[in-house]
Amino acid sequence: MTLRLYDTMARDKRPFVPIDPARVTMYVCGPTVYNYAHIGNARPVVVFDVLFRLLRRLYGADHVLYAANVTDVDDKINLKAAQEGVPIGTITQRYLDAYHADMSVLGALAPTFEPRATQTMDAIIAMIGRLVRGNAAYAAEGHVLFNTQAYSDYGKLSGRSLDEMIAGARVEVAPYKQHPADFVLWKPSKPGELVWESPFGPGRPGWHIECSAMIEQTLGLPIDIHGGGNDLIFPHHENEIAQGMCADHAGGYANYWLHNGFLNMGSRKMSKSLGNVELVHELIGRAPGEALRWALLASHYRQPLAWTDDCVAQARSSLDALYGALGRAANVEAEGAEPSPAFLDALFDDLNTPKANAELFALAHRLETGTLGERARAKGELLASGALIGFLRANPEAWFHGTADVALAARIDALIAQRVKARAAKDWESADRIRAELTALDVEVMDNATGAVWRLKAPA
RNA sequence: GGCCUGGUGGCGGAGUGGUUACGCAGCGGACUGCAAAUCCGCGCACCCGAGUUCGAUUCUCGGCCAGGCCUCCA
C-alpha cells in the first residue's frame, strides 16, 4: 500500500516518497495567538493530525518530525494587549494555553516542534541577511522587501504570473516597492510595539519570513510536506517558496503541498474578520471532542465543509452506532491490533476519511452479525482502525454516560437496579414509573437480557 | 477584472465510462411487557445544454449557480 497525496503544486495525486524515510518532515502553518481558535481553525489541525498519525504508522513514531508554528508577533496581538493594558506575552500565553487545551480535546497529537516567532528572531534576521546579500531583497524606507523578480518560478504554486497580478491588482501599491508583488521581510516597529535590533535597523519581521526561518531551523530544508488552509496558497506559501529558494536552498523547499478546503458558515467562510465564528472553546462545552473531530473528518479534507449544528448531531449519531456495537460486544475478546486493509486503503488514497469511516460501519456490522471468530477479528480491526485516527478510544459506557457526574451516575444506577428488580418480578407498573423518572433526568434506558445500560441524552 | 475550486437522493457525504458506497432521517417486517438498540428488506440523486461513445453522473466544450484567493485570515 502506498500513500498518495494531492499536491497543489502538481495539481494531482502523487505517491508519497520521503526524502529520507528515517526522517520524514512536515510543516503546517499554525495559529496566531490573539484569540480563541474557531472550529475553522481546527480543521487543518485535525486533518494534518490524521496525516501525522498515518506517517508515524508508516515510518515509525520516532522518524516523523512535525512542526507547527505559533505566530506571537502580530498587529492583532498588539492591539489586544493595548486594549487590555497588559504585556503582549500575557495575551499570547493565555491564548496559546487555550489553544493547546482545545486541540487536545479534539484529539490532536502535539506536534514535534512548536516554534514561536519571538524565539526564532535570530534565524529570521539571518535569513533576511542572506537574501539581501544574494540580491533577492532590498532595503527601502526602513523596510526590507523581497524582490519577486529574483525568483523565476514565482507564481507556480498558485498558478499566477507576475503580469497577471499587476493586471488584477486592486490594492494600492506601496511607493517603495520595486515591483507590486514584492513583499515585506522586515519593517520598522510602530511606537509601543516590540522592537528587535537588526542589521537593517530596529523593527520586526513581516508575515511570511517566520515560516521559512522556522522550517530551516527546526526541520531543515527541503521538507517533505508543507500544509495549511487553501487561503494560504497565495500569497503566503508562494512567498515562502520564493524566499526559501532564494535563501540558499536551491535544492528545493517542500516536495508536497497540501491544502485543506474551507469550513463555511452557511455559504460564507468562517472567519474572525467576518465575525461568524464558532469557538472550539465553546463547542467542547456542548459536544464531546470526539464528535467534533468526527464532524471535521466526515467530509474529505479538500472539500468545503458547511458547518451546522446538524453536523455535530450527525457525528454523535455515527459514534453512537459504533460505540453501541462495541458496548454490545463487551464480552467479545478483540483479536489482532491491525486496522482493516480497506480502512488503510481509504486513508492512503489522499486521506479519504469519509470512505474510511464507512469501513468502520462495515466492521461494526460484522461485529454485530458475524460468527464468534468474525466478531473477534472485527472488534480488533474496529478498535485498531479507530485508534489510528483518534476515534473509539473511550470505554463505550463512558461515551454513553457523557457528562454525568459521579453523584448522578450513582443515582441513575440505583434507579436502574430497582427497575431491573421490578422487571424481574414482572412489576411493569413500577418499571414504567422508574423509566419515567429516568427520562426526567434525560436518561434513556436500554434493557437487555441481563439488565440494562443507559445513556445520557444529548443536550438539545 | 485576473486566477482557482465546487455543484450527487429529504439531509450529510464517497465514488465510478455500463449493477450509483456509507451514515442520518423515512417506510415495511422480525425481535420486544414498554422503550431503545439490533437484524432482514424497501424507496429516493448525479445543475442545464451540446459533443465524444454502443453507452456519461463520470471525459470534452459552453452555460448557469455557489464559493475561495488577488489585503490580515486555516
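Strand E7 (residues 183–187) pairs with E8 in the antiparallel sense over two bridges, where strands are DSSP runs of at least two residues labelled E, and helices runs of at least four residues labelled H or I, both numbered from the N terminus. Two strands are said to pair if DSSP finds at least two bridges between them. Within this pairing, Trp186 has Pro205 as its bridge partner in E8.

This is a predicted model, in which local features need a pLDDT of at least 70 and side-chain atom pairs count only at pLDDT 80 or more, while totals for chains, interfaces and linings use all residues. Residues are numbered from 1 along each chain as its sequence is written, and chains are lettered from A and ligands numbered from 1 in the order in which they are written.

**Confidence and overall build**

The pLDDT, which is the predictor's confidence in each residue on a scale from 0 to 100, averages 92 over chain A, and 97% of the residues score at least 70. For the complex, the predictor gives an ipTM of 0.94 and a pTM of 0.95. Chain A holds 16 helices and 15 strands, and its C-alpha trace spans about 90 × 55 × 40 Å along the principal axes. Of its 460 residues, 43% count as buried, meaning that 20 or more other C-beta atoms lie within 10 Å of the residue's own; a residue with 12 or fewer is exposed, one in between is partly exposed, and the C-beta atoms are placed from the backbone. An automatic or database domain assignment divides chain A into domain 1 (4–260), domain 2 (268–398) and domain 3 (403–456), and the C-alpha centres of domain 2 and domain 3 lie 28 Å apart.

**Two sheets**

E7 and E8 belong to an open antiparallel sheet of four strands, in the order E5-E6-E7-E8, whose edge strands, E5 (137–140) and E8 (204–205), each pair on one side only. Another open sheet has four strands in the order E4-E3-E9-E10, with parallel pairing. Strand E4 (64–68) and strand E10 (254–260) stand at its edges, and because each has a single partner strand, one side of each is left without a neighbour in the sheet. Strand E3 (residues 24–28) is joined to strand E9 (residues 223–229) by three bridges, the two strands running parallel, and Val28 has Gly227 as its bridge partner in E9.

| Strand pair | Sense | Bridges |
|---|---|---|
| E3 and E9 | parallel | three |
| E7 and E8 | antiparallel | two |

**Helix H7**

The 14 residues of helix H7 (residues 233–246) should span 20 Å at 1.5 Å a residue, and its end C-alpha atoms are 18 Å apart, which agrees; the expected span is 1.5 Å times one less than the number of residues. H7 is mostly covered, with 10 of its 14 residues buried, among them His237, Ile241 and Cys246. These buried residues pack against helix H4 (121–133), strand E6 (143–146), E7, helix H6 (209–218), E9 and E10. Just after H7, Asp248 takes a positive phi of about 70°.

**Met9**

Met9 lies in the loop between strand E1 (4–7) and strand E2 (12–15), and it counts as partly exposed because it has 19 C-beta neighbours inside 10 Å. Not counting residues up to four places away in sequence, Met9 touches Lys156, Leu157 and Trp257, a contact requiring C-beta atoms, placed from the backbone, to lie within 7 Å. Met9 and Ile233 are 224 residues apart in sequence, and their C-alpha atoms are 9.9 Å apart in space.

Technical notes:
Contact = placed C-beta atoms within 7 Å.
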